[in-house]
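Please open the model in your viewer and keep the selection tool at hand. The tour below goes from one selection to the next and says what is there.

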Amino acid sequence: MTYLRPFVAHGMAVATREQSEENVPHMLAYLSDPELDPKVRQARLLKQLEDDPSLAAAVS
């Protein structure tokens with residue numbers, strides 16, 4: 001039997017150079033979003049819970 005190394009491909013797509021270049025601003029905006037940092041996102045969500053007692057009651 002021949003051993004095959006694991007191979008996993010997630011979300012493969014084919015795009016033209018023009019399509020790729022068109023998406024660069026969107027990708028940069030996404031990557032520069034500070035909420036990609038879990039600590040920043042958690043701080044914002046905790047602040048929302050402190051500021052809104054009804055929201056805090058709904059999730060507790």
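A salt bridge, as the term is used here, is a side-chain nitrogen of Lys or Arg within 4 Å of a carboxyl oxygen of Asp or Glu. This is a predicted model, in which local features need pLDDT of at least 70 and side-chain atom pairs count only at pLDDT 80 or more, whereas totals for chains, interfaces and linings use all residues. Residues are numbered from 1 along each chain as its sequence is written, and side-chain values use heavy atoms, with hydrogens and water left out.

Select R41 and E35 to begin: their side chains form a salt bridge, with 3.4 Å from N to O. For exposure, buried means under 20% relative accessible area, exposed means over 50%, and partly exposed lies in between (1.4 Å probe, protein chains only). R41 is partly exposed, with a relative accessible area of 41%, and E35 also counts as partly exposed, at 23%.

How many salt bridges does the structure hold? There are four, and the next stop is another of them.

Select R17 and E21, whose side chains meet in a salt bridge at 3.1 Å, N to O. Both residues belong to helix 1 (residues 17-31), where they are four residues apart, about one turn of the helix; helices here are DSSP runs (H or I, at least four residues), numbered from the N terminus. R17 is exposed, at 62% relative accessible area, while E21 is partly exposed, at 47%.

Go on to helix 2 (residues 38-51) and select K47 and D51, which are four residues apart and so separated by about one helical turn. The side chains of K47 and D51 form a salt bridge, with 3.3 Å from N to O. K47 counts as partly exposed, with 46% relative accessibility, and D51 counts as exposed, with 52%.

For the last stop, return to helix 1 and select M27, which lies in that helix and is partly exposed at 45% relative accessibility.

Definitions and conventions
Helix = DSSP H or I, 4+ residues; strand = E, 2+ residues; numbered from the N terminus.
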